Amino acid sequence: MRPLLIGSTVAIAFAATAAATSTSALAQNTLAQRVSRAPDGVVYVQFAARPGTCGDGKDMIGYRKALFAESFQSIGDWDAPDCHAGPMRVALSVANGKVTRVKSYVGGTWQRTSERVTDLGTVSSSEAATYFFALIPQIERNDRKARSLLPAVLADDPAALPRLIALARDDARIQDTRRQAIQWIGLLGDAKVVPVLVDFARSGGAGPTGEDINEDDEAPGKKGLATAAMAALSMLEDGAGVPALIDLARTGSSGARTSAVFWLGQSGDPRAFVALHGVIENGKEDERVRAHAIFSLANGDRPDSEFAYLRAIYPRLTSDKLKESVMQGMGGDESAGSAWLIGRARDNNESLKLRKSALFWAGQRKLTPTKDLVAVYRGTAEPSLREHAIFVLSQRDDEPALDELMRISRDDPDKKMRARALFWLGQKDDPRVAKMIGDRVLR
């Protein structure tokens with residue numbers, strides 16, 4: 001008769017029961033459940049951030065070409081000395097078990113609050129990413145600055161890209177969320193995501209194409225899913241999206257080509273500059289697309305040699321719109337922009353409209369000596385150009401400009417010019433102007 005190993009049997013049974021209880025407890029203790037059981041107030045959670053993430057411990061967070069703060073977000077080159085690596089820290093406002101607001105931080109320490117705090121400590125990045133992606137439908141309409149994706153995408157978890165693609169394709173999500181998802185595909189992705197982004201760029205995803213292409217001359221590349229996809233293509237590492245953007249600039253609709261040339265200029269890729277030259281020099285291309293190509297070349301991430309190219313191409317342009325685009329672009333040329341613009345303003349062979357435009361953009365540049373603007377005024381007999389020069393001088397805040405306006409108002413032989421100078425002087429809060437006007441009144 002074999003002895004009964006009562007102690008061992010009981011121990012095994014107890015261990016099995018404990019394991020089952022532990023598994024059950026873990027199943028009931030996910031991050032979502034822990035947050036939902038928290039009392040009303042603020043819930044703190046912390047996890048490892050994606051490599052390359054930094055912050056100031058307050059409201060600023062940076063990652064690659066993206067910089068976020070409470071009141072703005074910026075995509076492009078940025079410089080923030082106070083941006084340091086650290087863990088992601090997320091404060092969730094909770095009421096009746098529901099999250100109403102999410103605030104993300106990187107590094108630093110928790111800020112003081114008068115609300116009741118539940119600190120859940122550190123969780124795994126994969127669990128945090130899963131939770132925050134699932135939370136987006138609940139909070140996306142509460143976050144008009146589109147920061148709701150930050151804790152989801154900046155958690156150090158490799159599953160972000162598939163989730164972002166699904167989110168971008170989900171037409172149940174609001175437009176801002178989908179645009180942000182596409183943006184992050186560009187920030188996190190590589191050459192493998194190019195076909196996905198091209199699909200959005202050509203069709204705008206699930207939404208109507210006409211609503212997704214930006215047709216606004218004044219704000220190229222800043223609207224809709226299609227233009228968001230083109231922006232994302234320009235952000236891919238190693239220029240992986242540039243060939244697709246070049247193709248879109250050549251074969252897309254007019255609106256798509258306009259956005260494509262804008263984002264080509266932001267890419268900083270030499271292939272993009274060659275493509276933009278081709279657009280600018282193509283007389284059969286839509287004038288608006290060519291104008292945006294000039295704008296993009298002058299205002300994007302480009303070498304200074306591109307300004308020399310624009311000055312060289314200027315005489316061959318046959319449209320005032322295109323020439324004005326070059327003049328506007330010269331605002332970024334620190335070496336020769338002012339002298340070139342003043343030269344156009346004083347050139348009697350230019351149309352009066354272009355001379356005024358050149359003078360205006362020269363005046364907008366701090367690097368333009370005021371004496372050069374004064375010389376344009378004194379060197380022309382054309383009344384409308386002289387009047388325009390007075391306006392340009394009135395926009396300057398330096399002493400030489402004020403001196404010239406006061407001289408014109410006192411001594412210019414043209415009564416109309418004296419009146420215009422006096423009008424603009426009246427807009428200035430300067431004791432010298434007040435005294436001059438007061439002396440005239442007392443005469």
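This is a predicted model: local features need pLDDT of at least 70, side-chain atom pairs count only at pLDDT 80 or more; totals for chains, interfaces and linings use all residues.
Student: Let's begin with the cysteines. How many disulfides does a search of the whole structure find?

Tutor: Look for cysteine sulfur atoms within 2.5 Å of each other. The search finds one disulfide here: Cys 54 and Cys 83, with their sulfur atoms 2.0 Å apart.

Student: Are the two cysteines buried or exposed?

Tutor: Buried means under 20% relative accessible area. Cys 54 has 10% and counts as buried, and Cys 83 is buried with 13%.

Student: Now strand E1, please. Why is it largely enclosed by the rest of the structure?

Tutor: Count its buried residues: six of the seven in E1 (residues 41–47) are buried, so the strand is largely enclosed. Then look at its pairing. E1 pairs with E6 in the antiparallel sense over seven bridges, with Val 90 as the partner of Val 45. E1 also pairs with strand E8 in the parallel sense over four bridges, where Gln 46 has Thr 122 as its partner.

Student: Finally, which residues are buried in helix H21?

Tutor: Met 417, Ala 421 and Leu 425 are buried there. They cover an arc of only 75° around the axis, which puts them on the same side of H21. At the start of the helix, a side-chain oxygen of Asp 414 comes within 2.8 Å of the backbone nitrogen of Lys 416.

How values were computed. Residues are numbered from 1 along each chain as its sequence is written. Side-chain values use heavy atoms; hydrogens and water are left out. Buried means under 20% relative accessible area, exposed over 50%, partly exposed in between (1.4 Å probe, protein chains only). Helices (H or I, at least four residues) and strands (E, at least two) are DSSP runs, numbered from the N terminus. The arc is that of the directions from the helix axis to the C-beta atoms. A polar contact is a pair of N or O atoms within 3.5 Å; within protein, one must be able to donate a hydrogen and the other to accept it, and residues adjacent in sequence count only if both atoms are side-chain atoms. Two strands pair if DSSP finds at least two bridges between them.
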